[in-house]
Amino acid sequence: MRRPSRLKNPQTEEEQFELRLVIAYALIILMFLTLLARFVWLQVLQHDHFSTLAQNNRISLVPILPNRGLILDRNGVVLAQNYSAYTLELTPSKIADLPATIAKLKKLADVSPRDEKLFKKLLAESKNFEAIPLKVKLTDEEAARVAANAWQFPGVEVKARLFRDYPYKEMTSHVLGYIGRINQKDQERLADEDKTTNYKGTNYIGKTGLEEVYEDDLHGQVGFEEMETDSGGRAVRSLRRTPPVNGNTLKLALDIRLQEMADKLFGDRRGALVAIDPSTGGVLAFLSKPGFDPSLFIDGIDSQTWASLNTDWQKPLVNRALRGTYPPGSTFKPFMSMAALMTHSIGLHDMRGAPGYFTLPGSSHQFRDSKKSGNGVINLQRAITVSSDTFFYKLAWDMGIDKIHPVVGSFGLGSKTGIDLDGEATGVLPSKEWKEKRFARYKPEVRRWYPADVVSVGIGQGFNAYTPLQMANATAIMANNGQVFKPHLVQQVVDSKTGQTRLIEPKPLRQLPYPQEYFDYIKEGMHGVMISGTGRRVGIGLQYSMAGKTGTAQVVAIKQGAKYNAASLAEQYRDHSWFIAFAPVEQPKIAVAIIVENAGFGAAAAAPVARGLFDYYLLGKVPNDLAGLLKTVPMENGEAREESAD
Amino acid sequence: MKSPLIKQIWQQIKEPLDGWMMLFLGLIFAVSMVLLYSANNQSFDKIDNKLAYTVLALAVMWVIARMRPQSVMNFAPPIYVLGVLLLVAVHFKGITVNGSTRWLSLGVTRIQPSEILKIALPMMLAWFFQKYELSLRWWHYLVAAALVLVPVGLVLKQPDLGTALLITAAGFFVLFFAGLPWKVIFAGAALFAASLPVVWNHLHDYQRKRVLTLIDPTTDPLGTGYHIIQSMIAIGSGGPWGKGWLNGTQTHLDYIPERTTDFIFAVYSEEFGLAGNVVLLVLYLLILSRALMITASAQTLYGRLMAASITMSFFVYAFVNMGMVSGILPVVGVPLPFMSYGGTASVTLFIGMGMLMGISNLRRL
């Protein structure tokens, strides 16, 4: 289509150009008249109004802080709340001689050296015109004394402030996290996210845990008051007030009574416990032991306390449930079994010999079984129940890693679960590619996947490493016949303004495409663990059906032929005790993964915790003799430790 | 009084310059110096700087005014390509300030390549239309549109909405005066209006909030709305006659943000009042009228398009800046021509003026 342009004729071209110039000139004049009209409106008609504003400019906008949202457990028990207390605050720009003022104030209030150190730290981080607390939580007497003498101290104020309180302290520290003073880095992030306005006057922000992840909900919206001020900057009267919107309330899936019970059952031992409702993915209990007192962090932690927490060999600051990765030991076997069935490496009724040891073709190295005499000729189900290592060594050797990886991976092992906490560890579900990448800087001999590597992987040792959260999630998926949910701590968000509840829906992510009979088969094997298997002592007197799997994760390798002797090893080198379980088997209401660090066999330490927890959750039974319960499990029971493959 | 030599040099200097334009520019420059002294807390350091870069800018203007527009025109494609390449370089090696990547470091100083496009784009388009003047087809407009969209897209990514709008405007004016059919203009406007709801739906909550604050600053008086409320108070309290030079309380109590650059008009308006504003509007109108006269009598298509684009861009700067400071337009970073403090923008403006004078000289010859 070739059409001559209208511009081709020079005559019309120039006429058109001139017309457009005239239009442009008209536009210029019109727009300037608009500006003129605006100036007249501002400078003549509204002049008095703006003059008043300028006179009192001098009108200061005072932010009104919203109350931070509460955090409740599933039954409405308060886990994080606010309370009001007096703080003694100094505004450096208004104080002529800061050291002298502080010295005088020390006579009126009990200012400790720690308070003073903290003040200096905050002073260095803050702007001069910001009020900085010298001492928080004054007694009524101190507050009165300072207030009465306030006239002597310009720039010194006693203010009522809200403080955060976590009634369950250590027990919830790894779930809730804590808030802390907004620092330079926080400020930059807030500026990037365009949230600076909403943090005017705010001192605290969520630093870790749910306090951090749900910061936007919990913080609320800052309000402000237009204050008329006199020439000295003192407020005279309020002109207009926009109230703040308080933060939303978080309602967790967590059951704090269950959490308390878990904490009690753990006692002073280190480890982690995650309990999940398999029908929703809601996290019922989430424990990492030991915890720490979050209140230490709220007003800035002094370096001494920080150092002692940080260097504590028990690592109380590490969230073991979320970030600790451990080899799963024999708790790996149920998932391994699904892989074996799905790849037809073994049939439901196939019987295999499970002798006392396993050797690779052409090698003299013996992978020994926990039971010296072996378990005779058994099927896969029985192999789960009695935790036969040799059975699984052979199975893994036959299958190879390529068959194991996809099925076990579909249970979420080796990938993040997506729980609503920050910093989740990925763990390791080994594969050829993984090994290649992991040892990329080493020689090809090291990078290569050897067929023998799979043998120790098959019993949950070797390169395997998962978080307790991943194990709990995988157990819940198994319990729920392959329905995958995203584990979540927060169940509902209650809007503080409208009272409306926003449900964090139990989102079914996917359904694993495995036959129901396989699930039934494996679950029956796990059920057997509690009746006639490695967990039978723990299963005595059960009033509901329970399925479980014990596991022992080795910390150090034992040389070929040597015997593992817990008593001769330093505590840190002893095996970790694992247990995964769910109940009731027919309609699972709770699934759990427990690791007790350096506590030996899974049946010995972790399994009794699960039993106590389930009794409490399903029957309301409080074990009256915790120590007794633990003692009923003799040490020789269940599996012995497996050897490493090298 | 003057020796013949000095007289000769004086002739040489003033020969390429447009007398009327120089008079108006001189007046506005005087006002801006007086104002800067007040806006910058009666200190001379910024005044020294402004003098220095104004002298430099005048020299550049003089050189360009002496050149024949036809020879300047030949630089259009290389300058345009260079500008676009520098914009691309900004994406890889740019300096980031406040979340926007706009500058390239040249060791001693840094430049803002988007500033080059303010001149380079209209030049390129004018060159393009002149080249195809006699064989223009509908698809040439598509090529022209692409010439506009490439640099604008790059600038938007920095992100720098203000400059992107100004570059788009400069390009649009060339298209408009080149005879872009009204049908297309109206269709484009309609399409733009129709796309707004779609864009709105794709914005983040905080972006929507920002847009809403632009429309009504009182919804966010502590944040982005703060600046505009304070500058409106400054303008309004100035009244019909102003508070007088150095007497602006808003200004001197630190309530006006960026008061030597984008918000300098608030300072002016507070101290010189409505009367002062009228004077300024008249000065701008005189400059624009003179520029339009030059445009109308330009001899070549290139000259016409270039002159028109420079004139209208100048108008857009002035209008958008005064509009935003007085609260009828959203706050986008646009300087007030010849008044705002800042070297790069001034040089750009004077280059435009130099081209305008070059076009005017061609007519006289």
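**Entry 1: the sheet of chain B**

I looked up Val97(B) and found it opposite Ser100(B) in S2(B). The model is predicted; I took local features only at pLDDT of at least 70 and side-chain atom pairs only at pLDDT 80 or more, while totals for chains, interfaces and linings use all residues. Residues are numbered from 1 along each chain as its sequence is written, chains are lettered from A and ligands numbered from 1 in the order in which they are written, and side-chain values use heavy atoms, with hydrogens and water left out.

S1(B) pairs with strand S2 (residues 100–105) of chain B in the antiparallel sense over three bridges; two strands pair if DSSP finds at least two bridges between them. Strands (E, at least two residues) and helices (H or I, at least four) are DSSP runs, numbered from the N terminus. The sheet is open and antiparallel, with its three strands in the order S1-S2-S3 (chain B). Strand S1 (95–97) and strand S3 (110–111) of chain B each have a single partner strand, so one side of each lacks a neighbour in the sheet.

I then noted that helix H5 (residues 76–93) of chain B lies across S1, S2 and S3 of chain B, at about 105 degrees to S2(B). Angles run from 0 to 180 degrees between N-to-C directions, and axes are lines fitted to C-alpha atoms, for helices over the stretch in contact.

**Entry 2: the sheet of chain A**

I found an open antiparallel sheet of five strands, ordered S12-S11-S23-S22-S21 (chain A). Its edges are strand S12 (283–289) and strand S21 (547–553) of chain A, each with a single partner strand. Strand S22 (residues 576–583) of chain A is joined to strand S23 (residues 590–596) of chain A by seven bridges. In this pair, Phe579(A) stands opposite Ile594(A) in S23(A). Helix H10 (residues 256–266) of chain A packs on the sheet and touches strand S11 (271–276), S12 and S23 of chain A; contact means heavy atoms within 4.5 Å.

**Entry 3: a helix pair of chain A**

I looked up helix H14 (residues 333–342) and helix H16 (residues 389–399) of chain A, which pack at an angle of about 40 degrees with axes 11 Å apart. H14(A) is therefore oblique to H16(A) (under 35 degrees is roughly parallel, over 145 roughly antiparallel, 65 to 115 roughly perpendicular, the rest oblique). Among the contact residues are Met336(A) of H14(A) and Phe392(A) of H16(A).
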